[in-house]
Amino acid sequence: MQLIEAKGIRKRFHSREVVKGIDLEIRQGEILALIGTNGAGKSTTLAMLLGIFPPDAGTITRWRDDYKAHIGVQLQSTPFFEGYTAEENLRLFAALYNVKMDQGQIQQKLEECKLQGAGKTLASRLSGGQQKRLAIAVTTLHHPDFIILDEPAAGLDPCARHEIRTMIVRLAKNGATVLFSSHDMEEVSRIADRIILMHEGRIAAQGEPKSLLKQYHAENLESVYLELTDGTQAGRK
Amino acid sequence: MKTIFSLTFKSACRDPFLLLWSLIFPIGGAIGLGVFIKSPDYPEHILTGMMAVSILFYALTTTSFAILTQRRRGVYNLLRVTPLPLWKYVCSLSGAWTSISFLCAVLVMLSGIFALKLSVSISAFFALVPVLTIAPLGYVLFSFFIASLSRTENDASILTNLITLPLVFCSGAFYSLKSAPQFLRIINGFNPFQWFINALRSAFDLSWDSYFINTGLVSLAALVAFLLALKTFRYTDA
């Protein structure tokens with residue numbers, strides 16, 4: 001079953017066309033990675049899929065009309081309500097999804113993202129890794145069918161990246177469909193079932209990691225990435 | 001809505017600006033000027049003026065910055081992908097901030113009554129309740145509009161000063177306008193802050209005609225502010 005199908009979507013900001021007519025589908029239960037250089041149009045594509053703004057052209061079909069209640073979102077900037085503690089942010093975001101959480105559930109959520117003991121800390125004072133983990137916890141408060149993570153592991157140390165990867169895999173095992181954007185090819189190759197590679201507003205390639213390696217005669221995803229994004233071709237077989 | 005209200009209330013109470021601008025400054029001003037200026041009517045005059053200033057500073061200025069900060073952090077972008085309707089979010093926040101403004105004004109009033117030895121009848125107190133609710137609600141809603149017009153904290157600072165200072169200094173908050181030039185009194189007839197002060201003073205004096213007219217005008221301004229808040233709400237700076 002497809003959760004989202006986008007056909008020929010385009011988006012222009014002022015004179016610059018950021019997304020230039022892309023087709024994509026997101027299938028239930030998969031972990032889909034959206035990769036590409038900075039400015040490739042990944043975040044804009046995610047924003048259109050989420051309905052943050054409409055495409056200038058093309059269509060987006062979603063699996064249900066009330067999809068907002070069934071999507072969890074972590075934006076690149078990991079925004080939290082300023083002046084609120086981690087615990088209060090969880091409560092507040094739960095309220096935005098019309099979910100009531102008691103203290104026990106809040107604690108459980110904090111433990112899941114290894115933030116027990118940090119519940120009373122202002123969210124803005126948490127470390128980068130803690131903020132990312134809290135942001136991912138926020139995305140799952142309402143047990144969504146579909147989770148979108150915009151660069152969930154960006155700027156984190158290897159331990160924190162590993163923790164984020166583990167969280168993503170656990171979400172998928174629990175039945176959620178996960179779409180995440182990333183620059184980290186190791187991360188992508190380890191956890192993604194399927195990859196969409198964007199370059200200059202277009203889809204340059206898409207498929208399963210193994211089939212992409214085979215198609216581009218490459219040893220690793222980084223080589224495919226470099227080749228398709230005008231980088232060097234180091235690593236080709 | 002209840003959770004958003006209570007969390008906003010709790011978080012806002014931790015704001016140091018609240019203590020300074022909406023409690024210490026108005027209480028100090030009301031008591032200081034009320035004791036210093038020897039005129040029989042002045043203590044009530046300055047107390048109502050300071051109650052109004054307390055509300056204006058918090059409900060318009062502090063909240064404008066709070067809204068702008070959340071938007072600049074990108075929180076409202078997330079709000080756009082949740083199923084919560086915008087009006088519910090705006091109402092919950094406004095409700096919490098209005099309650100804080102109300103409590104601040106009551107604290108200023110009680111401090112003034114105690115220090116300046118004023119008396120307020122039960123009828124006057126009940127007449128004050130709607131005014132102390134509707135006016136801050138209008139200012140809070142207007143602060144959403146100010147935040148929407150601002151891109152940075154500097155913009156918000158300039159805009160709030162440009163709006164609040166003329167409203168306050170053209171009004172009769174601190175001094176009587178009885179001997180003010182005619183043009184100033186005419187201008188003041190269109191000053192929403194003066195409507196608020198008039199409503200407060202007529203509630204104290206139980207002057208019902210003035211009370212209903214000015215409370216009506218304040219309510220109308222709040223309704224306009226509500227429409228402006230919803231129509232101009234900005235989720236993002238992009």
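**Exercise 1. Work out how α6(B) passes α7(B): in a left-handed or a right-handed crossing?**

Step 1. Find the two helices (DSSP runs of H or I, at least four residues, numbered from the N terminus). In chain B, α6 covers residues 122-149 and α7 covers residues 153-169.

Step 2. Look at their axes, which are lines fitted to C-alpha atoms over the stretch in contact, with angles from 0 to 180 degrees between N-to-C directions. These axes come within 9 Å and cross at roughly 135°. That angle makes α6(B) oblique to α7(B), since angles under 35 degrees count as roughly parallel, over 145 as roughly antiparallel, 65 to 115 as roughly perpendicular and the rest as oblique.

Step 3. Decide the hand: a crossing is left-handed if the near helix is turned anticlockwise from the far one by less than a right angle, and right-handed if clockwise. The crossing of α6(B) with α7(B) is right-handed.

Step 4. See who meets whom. B:I146, B:A147 and B:L149 of α6(B) meet B:A156, B:L159 and B:T160 of α7(B); contact requires C-beta atoms, placed from the backbone, within 7 Å. The residues of this contact are five nonpolar, one polar and no charged. Here Ala, Val, Leu, Ile, Met, Phe, Trp, Tyr, Cys and Pro count as nonpolar, Asp, Glu, Lys and Arg as charged, and the others, Gly among them, as polar.

A note on what you are viewing: this is a predicted model, where local features need pLDDT of at least 70, side-chain atom pairs count only at pLDDT 80 or more, and totals for chains, interfaces and linings use all residues. Residues are numbered from 1 along each chain as its sequence is written, while chains are lettered from A and ligands numbered from 1 in the order in which they are written.

**Exercise 2. Explain why A:L3 counts as buried.**

Step 1. Locate A:L3 in strand β1 (residues 2-13) of chain A; a strand is a DSSP run of E, at least two residues.

Step 2. Count neighbours. A:L3 is buried because 23 C-beta neighbours lie inside 10 Å; buried needs 20 or more, exposed 12 or fewer, and partly exposed is in between.

Step 3. Name partners beyond four places in sequence: among them are A:I26, A:Q28 and A:W63. A:Q28 is 25 residues away in sequence, yet 5.9 Å away from C-alpha to C-alpha.

**Exercise 3. Describe how chain B touches chain A.**

Step 1. Count: 18 residues of chain B are in contact with 23 residues of chain A.

Step 2. Find the suppliers: α1 (2-13), α3 (42-73) and α4 (75-79) of chain B each give at least two residues to this side.

Step 3. Sort that side of chain B: eight nonpolar, seven polar and three charged residues.

Note on methods
Contact = placed C-beta atoms within 7 Å.
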